[in-house]
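Here are my comments on the structure you sent, as numbered points. Please read them with the sequence and the model open.

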Amino acid sequence: MKDLLRLRTSLTEEIELALNSQIKMEAESSAIYLAMSSWCDRNGFDFSAGYFKKQSDEEREHMLRLFKFVSDMGGRAVSPEITNIQVEFESFRNVFEQALQQEIAVTQSFNRIADQCQKMKDYVTFSFLQWFLKEQIEEEYVARRALELFEVIGEEGTGQYEIDKRVPKITYEKTYEY
């Protein structure tokens with residue numbers, strides 16, 4: 001039966017497993033960002049709360065995009081169980097440090113899957129992943145710029161208030177198409 005199911009998809013078992021792991025990672029990212037939004041809201045950082053809520057929505061969209069691809073290719077997309085999401089953070093700055101680390105981890109994960117696709121000559125999935133790889137450039141850029149605000153503005157006095165106001169305004173300019 002297992003072999004018969006594999007005939008219904010061009011995805012190898014290894015790639016399907018990697019994509020389902022990425023689906024879970026995107027779901028976890030969505031939950032982490034929602035927890036960050038909640039923490040920011042509870043601590044008076046309203047603009048950052050909105051920023052992280054938006055990030056949470058985007059990660060969920062990424063998860064659904066991956067989920068649809070696996071299903072469309074005849075694979076078995078797995079709805080992940082998400083537990084043990086951190087809800088407390090050391091500081092306002094720590095929230096952004098963890099956000100950047102999360103984005104770097106997501107980029108590394110997509111790179112591993114792309115590498116795996118090339119080794120297995122799965123060019124359909126490799127092509128599909130290109131959108132995510134480009135998206136990660138923007139995701140890391142924005143997370144890095146948000147964290148840099150802590151160095152540029154400083155946290156003393158009204159610094160955290162200024163940082164909070166500026167976070168949602170950070171944009172990535174796609175100057176060059178690649």
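**Notes on the model**

1. Phe-52 has a relative accessible area of 0%, so this residue is buried. The model is a predicted one, and the values in this note are computed from it.

2. The ring centres of Tyr-51 and Phe-52 lie 4.9 Å apart with the planes at 70°, so the two rings form an edge-to-face pair. Planes over 60 degrees apart are counted that way.

3. How many aromatic pairs does the structure hold? The count is 15. One of them joins Trp-39 and Phe-45, where the centres are 6.2 Å apart and the planes meet at 15°, so this pair is stacked. Trp-39 and Phe-45 are both buried.

4. The two pairs described above belong to one aromatic cluster, whose members include Trp-39, Phe-45, Tyr-51 and Phe-52. Tyr-33, Phe-89, Phe-92, Phe-96 and Phe-150 are also part of that cluster.

5. A further aromatic ring deserves a look, this time with a charge. Arg-65 places its charged end over the ring of Trp-131, at 3.7 Å from the ring centre.

6. Ser-30 lies in helix H2, which covers residues 13-42. Is Ser-30 buried or exposed? Ser-30 counts as buried because its relative accessibility is 12%, and the limit is under 20%. Apart from neighbours within four places in sequence, the contacts of Ser-30 are Ser-56, Glu-59 and Arg-60.

7. On the fold as a whole, the protein chain contains 6 helices and 0 strands, so the order of elements from the N terminus reads α-α-α-α-α-α. Its C-alpha atoms fill a box of roughly 65 × 40 × 20 Å along the principal axes. Of the contacts with a separation of 6 or more, 76% are between residues 24 or more positions apart.

8. The protein chain has 178 residues, and 41% of them are buried. Its accessible surface is about 10,300 Å², and carbon and sulfur atoms contribute 51% of that area.

9. For charges, the protein chain carries 22 positive and 32 negative ones.

Methods: Residues numbered from 1 in each chain as written. Predicted model: local features only at pLDDT ≥ 70, side-chain atom pairs only at ≥ 80, totals over all residues. Heavy atoms only, no water. Helix = DSSP H or I, 4+ residues; strand = E, 2+ residues; numbered from the N terminus. Buried < 20%, exposed > 50% of the residue type's maximum accessible area, 1.4 Å probe, protein only. Contact = heavy atoms within 4.5 Å. Areas by Shrake-Rupley, 256 points an atom, 1.4 Å probe, with all protein chains shown as cover. Lys, Arg positive; Asp, Glu negative; His and termini not counted. Charge placed at Lys NZ, Arg CZ, Asp CG, Glu CD. Phe/Tyr/Trp six-rings, centres within 6.5 Å; stacked < 30°, edge-to-face > 60°. Lys NZ or Arg CZ within 6 Å of the ring centre and 35° of its normal.
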